[in-house]
Amino acid sequence: MTRPPRRWRTEGIILRRRDFGERDLLLVLYTRQGKYTVRAPGARHPRSRRGPHLQPLHQVAVLLAHGRERPVLVEVETLRSWMVFREDVTRFTWAMYVSELTDRFVWEGEHYPGLYDLLRRTLDAIARHPQPDWPVHYYETHLLSRVGYHMELHHCVRCNRPIQAEDQFLSFQEGGVVCPSCASHATEHLLAVDVRTLKYLRHLQRSGPEAMWHPIPKQGVRARVARILQGYEQAILEQRLRSSRVLKQLGEFQPKSSPKSKTE
Ligand SMILES: [Zn+2]
């Protein structure tokens, strides 16, 4: 096993920042090496030269050092800050949505090869795209697949038969398409999905990032794609929240550990 270096250089996108202690900041970064929360000592001091570099959605080059609880920021340089996000509230909102999704779906320390470049490329597309929601849907589709929630769009999740070119249904709980035959005796509510929307969802899934730019479907299809992806994301996050609550409740029955360790 190779030991990680005491200091290392990488680049990342700042997903989120929050105040920490009197003068420090905690930054959540998605870097080439994965997601890390790093401490930026003194970054909130009025004379700090770093402060202005440490804004959400900035692409930064950083030098990090191992700290006791988390990496510490030693040097930072802004590589890109996408001025347009300060001027265009729609683009800014989509960019923040992508940033928040990444933060919520990727755990601390997790690394998905290629995700950093995809995130960077998506932010760049949101900044310039005629319909900035479309690159967001491309990103959502690929983020979900990478983190283990690939949506099944080719076979029915109940009977496993190949999906035919006709209107279908979706189960967020089961993560994919339910054929009309299985849907006819389903007891719970399933979301109907038309052939055209399904075709675009599959296209996003199987295509490279050029699909952010071409073809761009009409507003109606984009809105239906958005509703499906957001519904699926919400279902996954709620499921996670429920299981973390269960874990927490189970934890209450565990013996209390002696002297509380110092936490941040
Ligand atoms: Zn079926």
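Residues are numbered from 1 along each chain as its sequence is written. Because the model is predicted, local features need pLDDT of at least 70 and side-chain atom pairs count only at pLDDT 80 or more, while totals for chains, interfaces and linings use all residues.

Q: Why is α3 called roughly antiparallel to α4?
A: The axes of helix α3 (residues 115-128) and helix α4 (residues 133-146) come within 9 Å and cross at roughly 165 degrees. Axes are lines fitted to C-alpha atoms, for helices over the stretch in contact, with angles from 0 to 180 degrees between N-to-C directions, and helices are DSSP runs of H or I with at least four residues, numbered from the N terminus. Angles under 35 degrees count as roughly parallel, over 145 as roughly antiparallel, 65 to 115 as roughly perpendicular and the rest as oblique, so α3 is roughly antiparallel to α4.

Q: Which residues make the contact of α3 with α4, and how do they divide by class?
A: Leu115, Leu118, Thr122, Ala125 and Ile126 of α3 meet Pro135, Val136, Tyr139, His142 and Arg146 of α4, where contact requires C-beta atoms, placed from the backbone, to lie within 7 Å. These residues divide into 7 nonpolar, 2 polar and 1 charged, given that Ala, Val, Leu, Ile, Met, Phe, Trp, Tyr, Cys and Pro count as nonpolar, Asp, Glu, Lys and Arg as charged, and the others, Gly among them, as polar.

Q: What makes α2 roughly parallel to α4?
A: Helix α2 (residues 89-105) packs against α4 at an angle of about 5 degrees, with the axes 10 Å apart, and that angle makes α2 roughly parallel to α4. On the α2 side the contact includes Trp94, Tyr97 and Phe105, and on the α4 side Asp133, Glu140 and Leu143 are among the partners. By class, this contact has 8 nonpolar, 1 polar and 2 charged residues.

Q: How do you know that β1 pairs with β4 and with β2?
A: Two strands pair if DSSP finds at least two bridges between them, and strands themselves are DSSP runs of E with at least two residues. Strand β1 (residues 7-20) and strand β4 (residues 59-65) are joined over 7 bridges in the antiparallel sense, with Trp8 opposite Leu64 in β4. Between β1 and strand β2 (residues 24-31), also antiparallel, there are 8 bridges, and Asp19 stands opposite Leu25 in β2. β1 and β2 form a hairpin with 3 residues between them, where Gly21 in the turn has a positive phi of about 65 degrees.

Q: Why are β7 and β8 called edge strands?
A: The open sheet of 3 strands has the order β7-β6-β8 with antiparallel pairing, and β7 (176-178) and β8 (191-193) each pair on one side only.

Notes:
Contact = placed C-beta atoms within 7 Å.
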